[in-house]
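I opened this entry to keep track of what I looked up. The notes follow the order in which I checked things.

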Amino acid sequence: MSIVDQMATLHIRGKHNNTTYDFKFPEEATIQDLGEKVHELTGVPISGQKLICCGKQLPKDLKVTLKEAGFKTGIGSKLMILGKKYDPENEDDYKQIVELENKSKNIEHKVDEVATEVAIEFNLKVDIYFSLLDRWYLQGPSRQESPCRSMQIFAEKSKEYK
């Protein structure tokens, strides 16, 4: 490897528990590249990693380049790797919580559908009632049809919409 290549490479020495790892990355490598390599070597999933360089935690944005995060080319940088080989997505309790969330979303959706149906039916019945009431009042003084008869018509019309 030439001196130019060494200068364009990021040399990182990471420590997790009592084990030391040496990493080499190109300048354009991202936090995600580093996280994947750490996961491969330590078994700590990216979501459970806490990576510290120069006393500062690395950004959670996986698209940030290692240079932007503070690593320098040519000279070695030290990295502290914190985290356990634990992935909450593989926990039974976590899976049950996610399943309950999904079920509650489905129930909420069904309740919304029923509420919409009830509102539509109620509005239809109210519309029929008021149209019959208007018809009764529009008949004028003769009012040949009684309010009772209008209510019977209303009941019959309501049955038609069921």
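I began with strand 3 (residues 50-53) and strand 5 (residues 76-82), which run antiparallel and are joined by four bridges. Within this pair, Leu51 stands opposite Ile81 in strand 5. I noted the general point that strands of a sheet pair through backbone hydrogen bonds, either parallel or antiparallel. For my notes, two strands pair if DSSP finds at least two bridges between them. Strands (E, at least two residues) and helices (H or I, at least four) are DSSP runs, numbered from the N terminus.

The model is predicted: local features need pLDDT of at least 70, side-chain atom pairs count only at pLDDT 80 or more, and totals for chains, interfaces and linings use all residues. Residues are numbered from 1 along each chain as its sequence is written, and side-chain values use heavy atoms, with hydrogens and water left out.

I then listed the elements. The protein has four helices and five strands, and from the N terminus on they run α-β-β-α-β-β-β-α-α.

Cys53 is in no disulfide, and the nearest cysteine sulfur, that of Cys54, is 3.6 Å away. Is Cys53 buried or exposed? Cys53 is buried at 4% relative accessibility, whereas Cys54 is exposed at 68%. Buried means under 20% relative accessible area, exposed over 50%, and partly exposed in between (1.4 Å probe, protein chains only). Of the 162 residues in the protein, 24% are buried.

Last, I checked Lys60, which is in the loop between strand 4 and strand 5. Lys60 counts as exposed, at 59% relative accessibility. A polar atom of the Lys60 side chain lies 3.5 Å from the backbone oxygen of Gln49. The C-alpha atoms of Lys60 and Ile46 are separated by 9.7 Å, with the two residues 14 apart along the chain.

Conventions. A disulfide is a pair of cysteine sulfur atoms within 2.5 Å. A polar contact is a pair of N or O atoms within 3.5 Å; within protein, one must be able to donate a hydrogen and the other to accept it, and residues adjacent in sequence count only if both atoms are side-chain atoms.
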